[in-house]
Amino acid sequence: MTESSVKFPRHTKGKRPQVFDSPDIDQMMTFIIELTTEVSVLSERLNTVEHLLDARGTISREDIENYIPNARIEAERVESRKGIVKRVFRMHGDK
Amino acid sequence: MVAKPSDTGSVPNIDAAYRPTHDERARQGFVGVLRAHSSRDMRNALEHRYRTQIAPAVERQEGQAPQTSREIGKLMDTDSYYRFHSALRYNSQEMMYLSVLDPVERVADEMIAVGREVAESRPAGGTLTLDPSLEMPRYVTALDVHLAPGSFHSEYVDDDLSQGAMLAYGSKVGLGGHVYRHGDLGVIGQSIGYWLTQKYPQFKPKRVLDVGTQSGKNLFGYIDSYPEIEAHGVDLSATTLRYGHARAEYLGKTVHFSQQNAEFLDYPDGYFDLIVSSFFFHELPVAATQRILKQCHRVLAPGGIMTHMELPSHADCDAWNNFYWDWDATYNNEPYYIQFRSQNLVELMVEAGFDKERCFTTSVPNFETTDPADYPRFLSGQLPPMDHGRGGWFVFGAEKTV
């Protein structure tokens with residue numbers, strides 16, 4: 001694949017605000033949030049595999065890449081994402 | 001009402017070039033949910049904690065609850081719940097844009113080619129007028145506003161529109177978890193357009209200007225409300241205007257995009273019947289806002305209406321809401337937020353030349369979530385206005401005296 005002539009910067013101009021007493025904790029929060037995102041992405045890829053197997057009994061990598069959930073399945077995924085957020089980011093003291 | 005593509009199909013759909021992978025879509029979907037959780041669910045929980053626990057505790061100790069947003073800030077800065085909310089919200093804002101950078105970058109050349117083709121053929125009859133000599137003011141270049149890498153204006157190659165696309169798709173990711181924001185139509189233009197037809201039924205604007213229009217999507221709402229209207233949009237950023245032009249032509253919406261600094265509009269006096277904007281002024285120093293409002297007054301025709309959607313002013317909100325709204329000043333690279341919100345908007349409009357009795361601030365019902373049966377009761381004041389961002393949109397504006 002030819003390289004794009006456009007290269008976006010991946011950093012943001014401007015001082016990053018510090019939320020916690022140590023910037024190391026801010027950094028660790030980013031690690032946790034990104035890791036949680038990876039878990040959600042992985043579970044959706046597996047969910048895609050399961051739906052494809054239900055439909056066809058066998059699948060290829062191309063099947064996975066091309067899979068676009070219908071509205072019902074997308075709505076189920078939204079609920080699953082919310083479930084992950086709710087469980088992983090459960091705050092102490094929440095009822 | 002969803003915009004339909006041009007019947008002739010004579011130009012490609014620029015958005016069709018954007019093809020995120022399965023996992024990129026999954027990532028974007030998760031970031032949208034995380035953003036809604038932090039900026040809405042945690043916000044509501046924080047407010048509940050503040051009002052039912054934190055403020056009463058201060059009142060017991062000191063005789064009165066905190067009176068200013070600054071006092072609340074001092075309390076909340078060391079509050080763990082608030083800190084975790086800020087961390088989740090800040091990270092999800094960053095990730096909103098990070099999650100679209102790769103898929104846009106991959107197809108940037110293809111999108112730029114579509115942009116060039118559309119600018120040649122212009123089947124909807126819209127125009128794109130650019131000014132390569134226009135200098136970007138510091139309030140655009142100094143920081144990456146909204147944490148978007150490259151801010152509003154960055155261009156990397158000739159005829160670039162990739163930043164325009166990136167900003168549009170990034171915003172969509174961020175709004176993915178909100179119940180009332182979806183679809184192509186700019187909800188602000190849709191809501192204010194409808195409100196104008198209901199509140200001013202005799203008003204028949206021939207020409208509208210959207211200031212700080214970026215990709216122009218809010219203009220579609222005014223075109224839907226007034227089908228014969230001539231739609232114009234100005235912005236400093238060529239990349240967002242190019243992207244907007246390509247989209248508008250495909251969708252069959254005739255829009256005239258012009259790259260200008262709104263502080264120095266090049267339209268004749270009284271050229272427009274309607275002047276609008278959406279979340280624009282809080283991005284600017286007040287001195288620029290003052291100059292832009294003077295320009296609005298100049299190019300607005302007698303009998304015309306100006307309506308700007310913005311954040312509610314400090315004076316309109318209690319201390320908690322001011323503390324909460326002003327979060328973006330620190331955490332979203334929006335350094336002019338607080339200065340803007342502290343202004344008396346009616347005074348600013350009077351300084352710009354409008355008559356005081358013709359100036360207004362009000363809340364416009366959000367179109368998609370408002371029952372049409374309730375609408376007349378909002379207009380008459382029988383129903384209380386909806387809070388900004390929670391079913392209503394704060395606007396300030398004026399009618400220009402005939």
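These legends describe close-up views of a predicted model.

**View 1. A nonpolar surface patch on chain A.** Three residues build this patch: Met28(A), Phe31(A) and Ile32(A). The patch covers about 300 Å². Phe31(A) sits in helix α1 of chain A, which spans residues 23-56. Phe31(A) counts as exposed because its relative accessibility is 52%, and the cut-off for exposed is over 50%.

View 2. Two packed helices are described by the angle between their axes and the distance between the axes. The crossing of α1(A) and α3(B) is right-handed.

**View 3. A positive phi at His146(B).** Most residues other than glycine have a negative phi. His146(B) is not a glycine, yet its phi is positive, about 60 degrees. This histidine lies in the loop between α5 (138-141) and α6 (162-174) of chain B. His146(B) has a relative accessible area of 18%, so it counts as buried; the cut-off is under 20%.

**View 4. A positive phi at Asn333(B).** Asn333(B) is a residue other than glycine with a positive phi, near 55 degrees. The loop that holds Asn333(B) runs between α12 (327-331) and α13 (337-341) of chain B. Asn333(B) is buried because its relative accessible area is 8%.

Key:
Residues numbered from 1 in each chain as written. Chains lettered and ligands numbered in written order. Predicted model: local features only at pLDDT ≥ 70, side-chain atom pairs only at ≥ 80, totals over all residues. Heavy atoms only, no water. Patch = residues over 30% accessible without salt bridge, like charges linked within 9 Å, V, L, I, M, F, W, Y side chains within 5 Å. Areas by Shrake-Rupley, 256 points an atom, 1.4 Å probe, with all protein chains shown as cover. Salt bridge = Lys/Arg side-chain N within 4 Å of Asp/Glu carboxyl O. Helix = DSSP H or I, 4+ residues; strand = E, 2+ residues; numbered from the N terminus. Buried < 20%, exposed > 50% of the residue type's maximum accessible area, 1.4 Å probe, protein only. Left-handed = near helix turned anticlockwise from the far one by under 90°.
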